[in-house]
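Subject: Structure handover

Hello,

Please open the structure below and keep it on screen while you read. My notes follow it.

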Amino acid sequence: MNIQELTVESTRAAIAEKQFTATHVVEEFYKKIKAEDGETHAYLTLCEERALRQASRVDEMARNGDTLPPLAGVPIAIKDVMVTKDVRSTAGSKILQNFIPPYDCTAVERLEAAGAIVLGKTNCDEFAMGSSNENSAYGPVRNPRDPSCVPGGSSGGSAAAVAAGTAIAALGSDTGGSIRQPASFCGVVGLMPTYGRVSRYGLIAFASSLDHIGPLTRTVKDAAMLLRTIAGHDPLDSTSADVPVPDYEEELAKPVKGLKLGVPQEYFADGLDGEVRAAVEANIQKLVQDGCEIMPISLPHTAYAIPTYYVIATAEASANLARYDGVRYGHRSTQARTLSEMYRKSRDEGFGAEVKRRIMLGTYALSSGYYDAYYLKAQKVRTLLARDFENAFCQVDAIVTPTAPTAAFKLGEKTSDPLAMYLADIYTVTADLAGIPGISVPCGQTKTGLPIGMQILGRHFDETTVLRLAHAVER
Amino acid sequence: MTITEKDAIYVADLANLDLTEQERLSLTRDLSSILEYIGRLNELDTTGVPPMAQVSARYGAPEKSGSEQFSGTMRQDLHKTSLAREAALQNAPDSNGSFFKVPKVIEK
């Protein structure tokens, strides 16, 4: 068994055919993690006991000749912003350093119910706030393709684990690009489903009108299989949509011929790296050869997406992070004498610099006298951004763009300039704001061997078209 | 929009943060430059544009109004078991087994 080459499908098939056991797969992955993850630092916490228990359940089913569930024996890594019962969940923050959740995130529960095996929790920017994974309180992740580079963020650990082969697949979360951008930087597939497609119950909240859970995988087909497992209505999340979940795998096989693709001029303007542009354009031509029709389109409000995002996301974050007060869980300062001091000192000691920066910005935007000028204004511009996509989707079936303006940058390159870091998400935040699905699929590499990702965006709940096109790019 | 150090102290107070002097200085600088960038939203005329507070408003059933637009948001009002007290208190920094304990709220 070469664990580097396993996919979701091949793992399940091999276990069903008794080529190896799930227990053996899990042991091999832990061997690899222990030998190699020291440098990459994709994992924060391993849950070997839980993994081996699940593996023996799968092995028993295989021994009994039962039909194995769709993800049987597939080792998966979970971004540490999703809570896992009895397994430490930190959100990359010191404030949750010793937090042991009493329940499981719905997406994790659904993966395990489908036979998947949770190997551990992956490193990420603190509370998913960052584009390089350098904001983790537990130290940065290194890009497996070039250890001097960042893996992207905030799901940097999940992307790096899949790229390094220390997990077959992973879950990440995407609020402004946090699944797709690291997928692009690490050379893996990253899918952000439609807002409401996947339950967020048990996702540690960053910005509730923008947060999504989705898969990072080696192949598009694996992403389709994971999505099918975690998608669908959940009564525990009132924002999860009651919309039927298609059989994505079956849909993947359908040809892309005749699909109309929009190429937005704003995503190919100044600031786009030449090598990234060339790789994306070459892949657009490939889709033309497959019978897709290309249409130049305009998404005229694109330049306003980052400022809109940083008002709305930080405003929501300032409210969501108010719960970290040292009372019920999380860090409590030992230096406080009064309740008010306890709140302040616990938060001061527990939160990192970027989290404080965003809480401050969000609090300011919501404060008396500034609400209309910032928050309400941003919500109105958000409507304009959503309308841009709605107008485009009257003409085209999907939109193709680069995932990020550059390939992975160096560690430390952007840490001193928050605005420069925010611009790494310039092509991804728009889909979060509009709530539409998007995928990043590897489409080439730079001369120095760094991966390049192509982004495909679709209509609300039309992950099917997005996946079909990504599948065509992958081939 | 320029943020003064006084503004930063006021906002930190609203957010229940005590900042060190160094944090205050760097945040004042960072917030000013980020707010200046955000100020470009004022280039857009948004007269008559409704605010987008929820994504689901873009795909809910438009013929219905309010929460009726979205299926699945309402549930039966039925009694259900909730998290056991022990589990709810397991992460408490301080508790007496029944309640969370905090420092004195009112000083004599």
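Start with one definition: two residues are in contact if their C-beta atoms, placed from the backbone, lie within 7 Å. Angles need a word too: they run from 0 to 180 degrees between N-to-C directions. Bear in mind that this is a predicted model.

Now look at helix H3 of chain A, residues 48–63. H3(A) lies across E1 and strand E3 (117–122) of chain A. Its direction is at about 160° to E3(A).

H3(A) also packs on a helix. Its partner is helix H2 of chain A, residues 22–40. The two axes come within 7 Å and cross at roughly 155°. Angles over 145 degrees count as roughly antiparallel, so H2(A) is roughly antiparallel to H3(A). From H2(A), the contact uses A:Ala22, A:Thr23, A:Val26 and A:Tyr30. From H3(A), the residues include A:Glu48, A:Ala51, A:Leu52 and A:Ala55. By class, this contact has 7 nonpolar, 2 polar and 2 charged residues.

**The sheet**

Which order do the strands take? In chain A, 11 strands form an open sheet in the order E1-E3-E2-E4-E6-E5-E10-E11-E9-E7-E8. The pairing is mixed. E1 and strand E8 (293–297) of chain A stand at the edges. Each has a single partner strand, so one side of each is left without a neighbour in the sheet. On average, neighbouring strands are turned by 30° against each other, direction ignored.

Strands of a sheet pair through backbone hydrogen bonds, either parallel or antiparallel. You can find both here. Strand E2 (residues 75–79) of chain A and E4(A) run parallel, joined by 3 bridges. In that pair, A:Ile76 has A:Ala169 as its bridge partner in E4(A). On to strand E6 (residues 212–217) of chain A: E4(A) and E6(A) run antiparallel, with 6 bridges between them. There, A:Leu171 has A:Pro215 as its bridge partner in E6(A). Further along, 2 bridges join strand E7 (residues 260–264) of chain A to strand E9 (residues 398–402) of chain A. E7(A) and E9(A) run parallel. A:Leu261 stands opposite A:Ala398 in E9(A).

One side has A:Ala169, A:Leu171 and A:Ser173. The other has A:Ala170, A:Gly172 and A:Asp174. Both faces are covered.

A residue is buried if 20 or more other C-beta atoms lie within 10 Å of its own. A:Leu44 has 23 C-beta neighbours inside 10 Å, so A:Leu44 counts as buried. Beyond its neighbours within four places in sequence, A:Leu44 is in contact with several residues, among them A:Asp80, A:Thr90, A:Lys121 and A:Tyr138.

The domain assignment gives chain A three entries: domain 1 (3–252), domain 2 (260–299 + 391–474) and domain 3 (307–373). The centres of domain 2 and domain 3 of chain A are 33 Å apart, taken over C-alpha atoms. Each of these two domains gives 4 residues to their contact. On the domain 2 side, H14 and helix H15 (429–434) of chain A each supply at least two residues. That side has 4 nonpolar residues, no polar and no charged.

Next, take helix H9 (residues 274–289) and helix H16 (residues 463–474) of chain A. They pack at about 105°, with their axes 10 Å apart. Angles of 65 to 115 degrees count as roughly perpendicular, so H9(A) is roughly perpendicular to H16(A). A:Asn283, A:Lys286 and A:Leu287 of H9(A) meet A:Leu469, A:Ala472 and A:Val473 of H16(A).

**Between the chains**

How many residues of chain A are in contact with chain B? The count is 57 residues of chain A, against 44 residues of chain B. Several helices of chain A give two or more residues to this side, including H10 (305–320) and H11 (339–350). H13(A) gives the most, with 11 residues. By class, the chain A side has 28 nonpolar, 16 polar and 13 charged residues.

Best wishes

Technical notes: Residues numbered from 1 in each chain as written. Chains lettered and ligands numbered in written order. Predicted model: local features only at pLDDT ≥ 70, side-chain atom pairs only at ≥ 80, totals over all residues. Helix = DSSP H or I, 4+ residues; strand = E, 2+ residues; numbered from the N terminus. Nonpolar A, V, L, I, M, F, W, Y, C, P; charged D, E, K, R; others polar. Buried ≥ 20, exposed ≤ 12 C-beta atoms within 10 Å, placed from the backbone. Parallel < 35°, antiparallel > 145°, perpendicular 65-115°, else oblique. Pairing = 2+ DSSP bridges. Domains from an automatic or database assignment.
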